[in-house]
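This report describes selected features of one protein model. The sequence and structure come first, and the account of them follows.

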Amino acid sequence: MGPSTLLPVRDEDLARLVEASDAAEGSRLVVIDARVGDDSAPLLSALAERLRVSPRWGGAEQHRLVALSWQSQDEWALLAPLGLEAPPPGASPWQMARQWLADRGADRGLVMLVEAAQHADLSSLRLLTSAVHQQTSSPVLVVLELVRDDTLGPREDPQRRLQQDEVARAAHVVLRPGALTEHDVAVLARQRGVELAPGTSQRLLDHCEGRAHEIVETLEVLRHSPGAVASGPLPVAESVRARVRASLQQLSAASLALVQAIAALEVAMPQQPVLVCEAAALVEDAGPLALDELLSSALVERVDPASRIVRMASAAVRRCVLDEAGQARRAELHVLAARATEDPEVRLRHEWLADPTPTAQRAEAFDTLAVQHARRGDWMEAGRLWELASQAASDQVSSSQYSVKAADAVVAAGDLTLLAGGLAQLEASRETPMREACLGYVGCLSGRPTTAGKRLGRSWELTNPQRDPAVARMVAERHVLHSLARCRAADVVEWANRATELAGVDDEGRRISLEGEAIACVARAVLQGTPSALERLDALEDVAPEGPVQQRLSLARGWVLYAAGDHLAARDELERAAAGDGWGGSFRISLWARAWLARVHLETGRWELAEATASTGAHQARQRGLDLLVPLLEWTRAEVAALRGDLAAADEAVWSGAADASHYEVMRVSSALGRAAVERARDNPHGVLEALAPLDQTWAREWVSYPGFWPWVEPRVDALLRLGRRQEADEVLRLHEVRTQQVGHPVQAARLAGLRARLELLEGDPQRARAQHAAALEAFETRPLPLDRLRLHQGWAATLWRSGRRSEAEQEVSQARQVLAELGLAAAGRVEPEVSLPVAEGTPTGEVIRFTPQELAVATLVASGRTNREVAGELFLSVKTVQYHLTRIYSKLGIRSRGELAARGLDDVTAG
């Protein structure tokens, strides 16, 4: 079988659809609940092919029908082509279905696949629904594609929608197609020969609101106009323009004027919804009826229930409305809006949109506003204003300078995808301290320490602190983040102190340098202890303004509190910082906070929240190009999956968060801990030690070894004890016991006491061992750390078992099970005192092994000698997706290498 022609997300939908069709004996009604643009019709074609070779439905009579909109009112129109005759008067759908099935005589079953079933006549739908629920010897499978129209234009008939909902409620399974992903967009682009810049796939996905047909239309435009994408606005699909144009033509004059005013106000301040009263003030006769008409057209949406605040349906709709209004009308509305507002920033934006003539005065005005936003930590808005300053500048040098500032602000906000084609332009600009600092910052957030170090070093060489202290301060703050990612606490503090000195000693200067100082407090916790760091954060709080700067302080405080073992207080601070991107904060800061919040959730037993926080964060980090943070988030995702026994998902998370010596140290630590957690779940102590080996290197001896920050000592000592390497375990314990006592860390002391108890028992001192174990248990009983209690009981049980105390070991196993029950996971995890490596899932037993279509395609190509990169290119997948599929393939076949795969063959494998 060749590779699937479906998009990756639809391939997954097909697997779910096949499973739903084969899930139980008897007849089945399956509804595909899609929306316009989901491109779900190919699913029916693929399903038809799969059903023809299905053991259950392969011999059935199969029909694929397409419902047409103009036949929706014609009774029995859908089934008439199959020879259905008009029923006798008074016949019920139930009676009709029974007679119809009898007439067909489909002894081996009947399969009915209906595309666009929302247009089908209701009589036919009722008959098909009734047919599924008949008690017959021949099974019936009905699959209906019901497409909801949430686009512009006339609304669906509410009564008809209710009747279709009734059909859906009768279904055995309702399947909602998965949302298209950035990867799907990249596949669509490659299929059409369109090369998208990094980040453009996500921009295109958002721009088209995930609708496949609009994405395809836009890609066709880009294919013929490759320069259209760059960093400017993406083209609008012609189908969207046509729908907007049709909706505008149906509006009254008052409603048309009102929607134009709303669009004009929104385009000036895109991040803010529009007050209806402000829009109405710009036009005549814009009363409540005009707004009601607009809301019915779906050109605008309510933000509040009273409809006092609205927004355009999308940026694409806004753009179409303004394009249709014409340049003169747009200018008129912006002039009126500029006169009506008292806000100088809003006025400046409207004046620029009314007359975009470059002048030095306008550029300087935008620059001043951008600086104000930057000082508050609102980097995204600062970047937009510097971009306007670049456009408004009257000379090329000033325009280039503002453009670099805009790029740097966008990077500081934590969304590298917004640079898109602008990154090449930035690299081509002349060398300046700002340019080098910005490119160094990009390298840092992209997880490339060598590039970042060279760029930032060059930036500092070019900087003159006496002549331009503001630029020097900014460069110093970029060095703070670089040093943080390298886990070099002393360097963090040194660069933060330089930034503070350059900012000045007055209140304004201290506010400017707050982010660097906040991060430095995390490093001070390593160098001076967590109490000193928290005291310093309290002092910073006194001078911090309200707004985004508070997000930085909440992150630092939450991180330090987590390291100190105060998980509940840490959770409050980290939740506040994680939500900060919603009120003008930085995505970068938010994702750092989510990473540590996920750790807090995991260690306090909130595993569902831990997994959700880490998964969402990892997805967002990849979306925004923040590779630096991906391993930190995937570490928790891997550990949660490992604890649940889902080793395939755990392996996938490890692959996604993999880091090596070319990456930042913070990435390498996270990657090592994630891999160690998975090897521990496999009961593979050798694998645990191999995963943690990089943490023995010199760079890890300061920050990484500080008690509380990185929980690697416990899994390492546990592995050494399981292997009987007691002397090595003792050496590691002694080193960390001394440091823990020096800094006074009760949680880490309890963890070490539990490990020491196990070693003492193995060394033949049960009395001292039990005292150590009791002390550790007492410490954890008073803290909300069920994962630590679980580890304590598991390790103690295993050691009791190995030392021959089987009865005590079984009692300890019961304690571990109680902790799992508290977590709602009584059946999850492995708590037996003695376990061996599990037999690989799917070890050959003479039965046919089932792969997904994509797994079979990957396995076939790898077995033929292709590399992972070659397979990825041929199947339009990412290399990491190929690696993930290989992990599952090896597990199902009970093998461990490509060579074994090639030697074994795939004769007993089928797709299903």
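This is a predicted model: local features need pLDDT of at least 70, side-chain atom pairs count only at pLDDT 80 or more; totals for chains, interfaces and linings use all residues.

## Largest cavity

The largest cavity has a lining of 23 residues, and those nearest its centre are Arg 680, Glu 714, Pro 715, Asp 788 and Arg 791. A search of the whole structure gives seven cavities of 30 Å³ or more, and the largest has a volume of about 350 Å³.

Helices H29 (587-603), H31 (630-644), H33 (665-681), H35 (713-722), H37 (746-762) and H39 (786-802) each contribute at least two residues to the lining of the largest cavity. H39 provides the largest share, with six residues. By residue class, the lining of the largest cavity consists of twelve nonpolar, two polar and nine charged residues.

## Five-stranded parallel sheet

Five strands form an open sheet in the order S2-S3-S4-S1-S5, and the pairing is parallel. Strand S2 (61-66) and strand S5 (173-175) are at the edges; each has a single partner strand, so one side of each has no neighbour in the sheet. On average, neighbouring strands of this sheet are turned by 15 degrees against each other, with direction ignored.

Helix H1 (residues 8-21) packs on the sheet, where it touches strand S1 (28-35), S4 and S5, and its direction makes about 155 degrees with that of S1. Helix H4 (residues 122-132) lies across S1, S3 and S4 and runs at about 140 degrees to S4.

## Pairing within the parallel sheet

Strand S3 (residues 110-115) and strand S4 (residues 140-148) run parallel and are joined by five bridges. In this pairing, Leu 110 is opposite Val 140 of S4. S4 is also joined to S1, by eight bridges, and these two strands run parallel.

S1 is mostly covered, with seven of its eight residues buried. Three bridges link S1 to S5, again in parallel. Val 31 has the bridge partner Leu 144 in S4, and Val 31 also stands opposite Val 174 in S5.

## Three-stranded antiparallel sheet

A further open sheet has three strands in the order S6-S8-S7, with antiparallel pairing. Its edge strands are S6 (274-275) and S7 (300-302), each of which pairs on one side only. S7 and strand S8 (residues 309-312) run antiparallel and are joined by three bridges. Glu 301 has Arg 311 of S8 as its bridge partner.

Helix H10 (residues 253-268) lies across S6, S7 and S8, and its direction is at about 85 degrees to S8.

Which residues of H7 are buried? They are Thr 200, Ser 201, Gln 202, Arg 203, Leu 204, Leu 205 and His 207. Helix H7 (residues 200-207) is largely enclosed by the rest of the structure, because seven of its eight residues are buried.

The cover over the buried residues of H7 includes helix H6 (182-191), helix H8 (212-224), helix H13 (315-325) and helix H30 (607-623). Just after H7, Glu 209 has a positive phi of about 55 degrees.

## Positive phi at two alanines

Most residues other than glycine have a negative phi. Ala 116 has a positive phi, near 55 degrees, and is not a glycine. Ala 116 is in the loop between S3 and H4. Its relative accessible area is 14%, under the 20% cut-off, so Ala 116 counts as buried.

Ala 298 also is a residue other than glycine with a positive phi, of about 70 degrees. Ala 298 is located in the loop between helix H12 (288-297) and S7.

## Gln 550 in helix H27

Is Gln 550 buried or exposed? Gln 550 has a relative accessible area of 15%, so this residue is buried. Gln 550 belongs to helix H27 (residues 548-564). Leaving aside residues up to four places away in sequence, Gln 550 touches Glu 541, Ala 544 and Pro 545.

Conventions:
Residues are numbered from 1 along each chain as its sequence is written. Side-chain values use heavy atoms; hydrogens and water are left out. Two strands pair if DSSP finds at least two bridges between them. Helices (H or I, at least four residues) and strands (E, at least two) are DSSP runs, numbered from the N terminus. Contact means heavy atoms within 4.5 Å. Axes are lines fitted to C-alpha atoms, for helices over the stretch in contact, and angles run from 0 to 180 degrees between N-to-C directions. On a 1 Å grid over the protein atoms alone, a cavity is a set of points where a 1.4 Å probe fits but cannot get out, and a pocket is an open set with protein on both sides within 12 Å along at least five of seven lines; lining residues have an atom within 4 Å of a point. Grid points are joined across faces, edges and corners, and a volume is the space filled by probe spheres set on the points. Ala, Val, Leu, Ile, Met, Phe, Trp, Tyr, Cys and Pro count as nonpolar, Asp, Glu, Lys and Arg as charged, and the others, Gly among them, as polar. Buried means under 20% relative accessible area, exposed over 50%, partly exposed in between (1.4 Å probe, protein chains only).
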